[in-house]
Amino acid sequence: MTKNIMIVGVGGQGSLLASKLLGHLLLEQGYDVKVSEVHGMSQRGGSVVTYVRFGEKVYSPVIDKGEADFIVSFEKMEAARYVEYLKAGGTIVVNTQEIDPMPVITGAAEYPQNLVEKMRALGISVDAMDCLALAEEAGSSKAVNLVLMGRLSQYFDIAVEKWQEAIEACVPKKFAALNHKAFLLGRGE
């Protein structure tokens, strides 16, 4: 059976590294894996979406509405924007950080309030945590992606060592220790 993970965020947050790491990890576990990147205005702080699909045989890299087992979101509004892609019984793993989109920055709109609570009120399983604070604790605000991967790893029956091997393979050596620390903080270890 094919499993579907959507990674959603804002340009520059490291979602592409997160999808590369996941793809590497799942290939190493013997799955057929398809990773597809859908860029919005990524250089300008716009939405970036990556699909990671894995299973015995995966034919298409695209995830349709109602098919995502997991949505991993780097930011609350991005989670809410893509909630219709989550399948019944799926889980949203979300960083509680708020990044103002252009309409909010220019004053044309206000950032929506209580997004996590609103998603939970719809009966959605939302695993929300302040990944930015944990990334900073690990040593860099740029490590939010590894904190999120640490949190996501708890939903998989894949040994922590295998995740750590994927980090070693996908992250530059000089940032390995910091990324390992961010990953473990995301796991709550």
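Figure 1. Lysine 162 and glutamate 165 sit three residues apart in helix α7 (residues 160-170), so about one helical turn separates them. This is a predicted model, in which local features need pLDDT of at least 70 and side-chain atom pairs count only at pLDDT 80 or more, while totals for chains, interfaces and linings use all residues. Residues are numbered from 1 along each chain as its sequence is written, and side-chain values use heavy atoms, leaving out hydrogens and water. Helices (H or I, at least four residues) and strands (E, at least two) are DSSP runs, numbered from the N terminus. An α-helix has 3.6 residues a turn, so residues three or four places apart point the same way. Lysine 162 forms a salt bridge with glutamate 165, with 3.9 Å between the closest N and O atoms. The term means that a side-chain nitrogen of Lys or Arg lies within 4 Å of a carboxyl oxygen of Asp or Glu. Lysine 162 is partly exposed at 37% relative accessible area, and glutamate 165 is partly exposed at 45%. Here buried means under 20% relative accessible area, exposed means over 50%, and partly exposed is in between (1.4 Å probe, protein chains only).

Figure 2. How many salt bridges does a search of the whole structure find? The search finds eleven. In one of them, the side chains of arginine 151 and aspartate 127 meet at 2.9 Å, N to O. Arginine 151 belongs to helix α6 (residues 144-153) and aspartate 127 to strand β6 (residues 125-129), so this pair ties together parts that are 24 residues apart in sequence. Is aspartate 127 buried or exposed? Aspartate 127 counts as buried, because its relative accessibility is 10%. Glutamate 168 and lysine 173 also meet through their side chains, in a salt bridge of 3.7 Å, N to O. Glutamate 168 is partly exposed at 36% relative accessibility, whereas lysine 173 is exposed at 66%. Elsewhere, salt bridges that share partners join Lys3, Asp69 and Lys87 into one network.

**Figure 3. Strand β4 and its two partners.** Strand β4 (residues 68-73) is mostly covered, with six of its six residues buried. Strand β1 (residues 3-10) runs parallel to β4, and four bridges join them. Two strands pair if DSSP finds at least two bridges between them. Strand β5 (residues 86-95) also pairs with β4 in the parallel sense, over five bridges. Together, β4, helix α2 (residues 76-81) and β5 make a right-handed β-α-β unit. Right-handed means that, with the strands pointing away from the viewer, the path from the first strand over the helix to the second runs clockwise.

**Figure 4. Helix α8 and histidine 180.** Histidine 180 is found in helix α8 (residues 176-187). With 14% relative accessibility, histidine 180 counts as buried. Which residues does histidine 180 contact, leaving aside its neighbours within four places in sequence? They are Gln164, Ile167 and Glu168, where contact means heavy atoms within 4.5 Å. Other buried residues of α8 include Asn179, Phe183 and Leu185. The cover over the buried residues of α8 includes β6, α5 (131-138), α6 and α7. The end C-alpha atoms of α8 are 17 Å apart, which agrees with the 16 Å that its twelve residues should span at 1.5 Å a residue. That expected span is 1.5 Å times one less than the number of residues. After α8 comes glycine 188, with a positive phi near 85 degrees.

Figure 5. Rings of Phe, Tyr and Trp (its six-membered ring) pair if their centres lie within 6.5 Å; planes under 30 degrees apart count as stacked, over 60 as edge-to-face and the rest as tilted. Tyrosine 31 is partly exposed at 35% relative accessible area, whereas phenylalanine 54 is buried at 4%. Tyr31, Phe54, Phe70, Tyr155, Phe156, Trp163 and Phe183 form one aromatic cluster.
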